[in-house]
Structure formats: structure tokens, C-alpha cells
Amino acid sequence: MDESDPPDFKKRIRESFRRQAAMRTIGAELTRVEPGTVEIELPFDAKLTQQHGLLHAGVISAALDAAGTYAGYSVIDPEASLLTIEFKVNLLSPGRGERFLFRGEVTKPGTTIIVSDGRAYAVRPDGPAKLIASVTGTMMVVRGREGIEG
């Protein structure tokens, strides 16, 4: 981001995240907001697992999508919003951990289309964080559309 970027992007992202009922439902927290990078954390909750007790792929995908999209929010003007138009998730290792970290980073900013990449990590007390998933997402920048504001 440069000198012309709005200084309130962190506030806008935090306010938007608070309105996300899906993230609230899964217990996700916005823990880092920087230009081009956003991190979301999630504690383990058995209600979010699949039949083997692992964090469900749908939960992983949703959190990665949110992290990448909010990273994109950090590089757009305050009047714009974003909608995901595509994402590809690679599930690399079972979602087993005490906490999970989802990091989204802008790969290609743009005025119409933004691309982000993300990584999901399982955090355990007995060792380093383990990479469990990656994502590449594409978002469209939306301006002036009723009901779709920042």
C-alpha cells in the first residue's frame, strides 16, 4: 500500500469481519490485519469436525476464503467491496490441532480482479505449526451495488 491508501482499512476490515455471521458461528477471530495480509485464528471445536474428528474441509475452506478476501479488502478503496468468484483449496494434511491459523495474502491486486493465496496451519502444543491446506482465490471488486458494501 502507498501514501494514498486509506488509513482506516484496518477498522473497515474489523467492522466487516464482525458482521460475518459464518465466522462468528465457527468461533473464528481476526488476529492480524496488515496491508495485503490478514490472519484468522480458530480454536479446535469438536462441533466443527468430520466423522474422524478432524477439522472439516468446509470449515478450512471457509476460513481460508475469508482470510484471502479480507487481505484483498486491505488494498481496495473504502467505497468498494469484494465477492469471491473462484477458489481452489488443496487439503495437504489432516486438520488436527488445538488451534488453527489461516493466513491470506494478496498475490495480484487490481481494480477489477484481485487474486490471493492462503495457507492454513494446525497449531499443537507439542511441536511447530503444521501446514494443512493452501488456497488460491479470485475476487471481483464491486462498486455501487445495492446491498454489497464494505
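Modeller: We'll take the fold, then the sheet, then the pocket.

Modeller: This is a predicted model, where local features need pLDDT of at least 70, side-chain atom pairs count only at pLDDT 80 or more, and totals for chains, interfaces and linings use all residues. Residues are numbered from 1 along each chain as its sequence is written, and side-chain values use heavy atoms, with hydrogens and water left out.

Colleague: OK. How many helices and strands are in the chain?

Modeller: The chain has 3 helices and 6 strands. Both are DSSP runs, numbered from the N terminus: helices are H or I with at least four residues, strands are E with at least two. From the N terminus the order is α-α-β-β-α-β-β-β-β.

Colleague: In what order do the strands sit in the sheet?

Modeller: The order is β1-β2-β4-β5-β6-β3, in an open, antiparallel sheet. β1 and β3 are at the edges with a single partner strand each, so one side of each has no neighbour in the sheet. Strands count as paired if DSSP finds at least two bridges between them.

Colleague: Which strands does α1 touch?

Modeller: Helix α1, residues 9–18, packs on the sheet and touches β1 and β2. Contact means heavy atoms within 4.5 Å. The direction of α1 makes about 160° with that of β1. Axes are lines fitted to C-alpha atoms, for helices over the stretch in contact, and angles run from 0 to 180 degrees between N-to-C directions.

Colleague: New topic. How much space lies in the largest pocket?

Modeller: About 320 Å³. A pocket is an open set of points on a 1 Å grid over the protein atoms alone, where a 1.4 Å probe fits, with protein on both sides within 12 Å along at least five of seven lines; lining residues have an atom within 4 Å of a point. Points are joined across faces, edges and corners, and the volume is the space filled by probe spheres set on them.

Colleague: Which residues are closest to its centre?

Modeller: Of the 19 lining residues, those are Ser16, Gln20, Thr69, Tyr70 and Tyr73.

Colleague: And which element gives the largest share of the lining?

Modeller: That's α3, with 6 residues.
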